[in-house]
Amino acid sequence: MNGTVDNTVNTLDVTMAVVVGGLFTIGFHLMLQRSLMRIVLGFILLGHGTNLLLLVAGGTPGRPPVLDGRPVNPAEPADPLPQAMALTSIVITFGLTAFLMALAYRSWRLSGSDEVRDDVEDRRIDIALQRAGSDEVSGTHDGDGPDDGDGPGDGDEPDHRDHGTAPGDHR
């Protein structure tokens, strides 16, 4: 070795880049779904993509991180830091996956399905913001106030607090 750096791209590097990109893409797509199991599977795929990314960042596989008594060439040993980070990532992914599975199971036991529902209060806020935006655009105020009888919280929508149950509480 004469001190020059080889900047050629290996087929393995391109393949791993495509695999890591595919895992991240599918993982993010699954995390945007409404099913809690798909969200958990998406998180698992993101964890695997992260592990592969960290291992690819470690350089050429097969080189020992520590050389036993031989003279050390700085370009020869592998970097042990990405391997340690990958192990840490595996532990963190496992712990968070167990936690998300427990949350999904609890949600399934309470509601009977694993679908994430819209929050009623979020819908009320969205309707109020849309009405406020349409009033600003038109410049009129047609009695859309807090006490006009047709806004959110005026008794038009079912209020779960009046019946002693919370949204999604089907016992």
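Buried, in this report, means a relative accessible area under 20%, exposed means over 50%, and partly exposed lies in between, computed with a 1.4 Å probe and with protein chains only. By that scale Leu-103 is partly exposed, with a relative accessible area of 44%. The model is predicted, and local features therefore need pLDDT of at least 70, while side-chain atom pairs count only at pLDDT 80 or more and totals for chains, interfaces and linings use all residues. Residues are numbered from 1 along each chain as its sequence is written, and side-chain values use heavy atoms, with hydrogens and water left out.

## Overall architecture

The protein chain has 4 helices and 0 strands, where helices (H or I, at least four residues) and strands (E, at least two) are DSSP runs numbered from the N terminus. Read from the N terminus on, its elements run α-α-α-α. Of the 171 residues of the protein chain, 17% count as buried. The accessible surface of the protein chain, from the Shrake-Rupley method with a 1.4 Å probe and, for residues, only the protein chains shown as cover, comes to about 12700 Å², and 62% of this belongs to carbon and sulfur atoms. With contact taken as heavy atoms within 4.5 Å, residues 24 or more positions apart account for 56% of the contacts in the protein chain that have a separation of 6 or more.

The table sets out the spans of two helices; the expected span of a helix is 1.5 Å times one less than its number of residues.

| Helix | Residues in helix | First to last C-alpha | Expected span |
|---|---|---|---|
| H2 | 22 residues | 32 Å | 32 Å |
| H3 | 31 residues | 44 Å | 45 Å |

Helix H2 covers residues 36-57, and its buried residues are Leu-36, Ile-39, Val-40, Gly-42, Phe-43, Leu-46, Gly-47, Gly-49, Asn-51 and Leu-54. These buried residues of H2 pack against H1 and H3. After the helix comes Gly-59, whose phi is positive, near 100°.

Helix H3 covers residues 81-111, and its buried residues are Pro-82, Ala-86, Ser-89, Thr-93, Thr-97, Ala-104 and Ser-111. The buried residues of H3 pack against H2. One of them, Ser-89, has a relative accessible area of 13%, and, leaving aside its neighbours within four places in sequence, Ser-89 is in contact with Gly-47, Thr-50, Asn-51 and Leu-54. H3 is followed by Gly-112, with a positive phi near 85°.

Ala-57 lies in H2 and counts as exposed because its relative accessible area is 58%.

Val-19 is found in helix H1, and a relative accessible area of 35% makes Val-19 partly exposed. The C-alpha atoms of Val-19 and Leu-53, which are 34 residues apart along the chain, are separated by 9.4 Å.

Between helix H1 (11-31) and H2 there is a loop that holds Ser-35, a buried residue with a relative accessible area of 18%. The side chain of Ser-35 is joined to that of Asp-114 by a polar contact of 2.8 Å; such a contact is a pair of N or O atoms within 3.5 Å in which, within protein, one must be able to donate a hydrogen and the other to accept it, and residues adjacent in sequence count only if both atoms are side-chain atoms.

## Salt bridge and surface patch

A salt bridge is a side-chain nitrogen of Lys or Arg within 4 Å of a carboxyl oxygen of Asp or Glu, and by this rule the count comes to 1 salt bridge. Its partners are Arg-124 and Glu-121, whose side chains meet at 3.8 Å, N to O. The two are separated by about one helical turn, because they stand 3 residues apart in helix H4 (residues 120-138). Arg-124 counts as buried at 15% relative accessibility, whereas Glu-121 counts as partly exposed at 41%.

On the surface, Ile-92, Leu-96, Phe-99 and Leu-103 form a nonpolar patch with about 380 Å² of accessible area together. Patches are made of residues with over 30% relative accessible area and no salt bridge, like charges being joined within 9 Å and nonpolar side chains (Val, Leu, Ile, Met, Phe, Trp, Tyr) within 5 Å.
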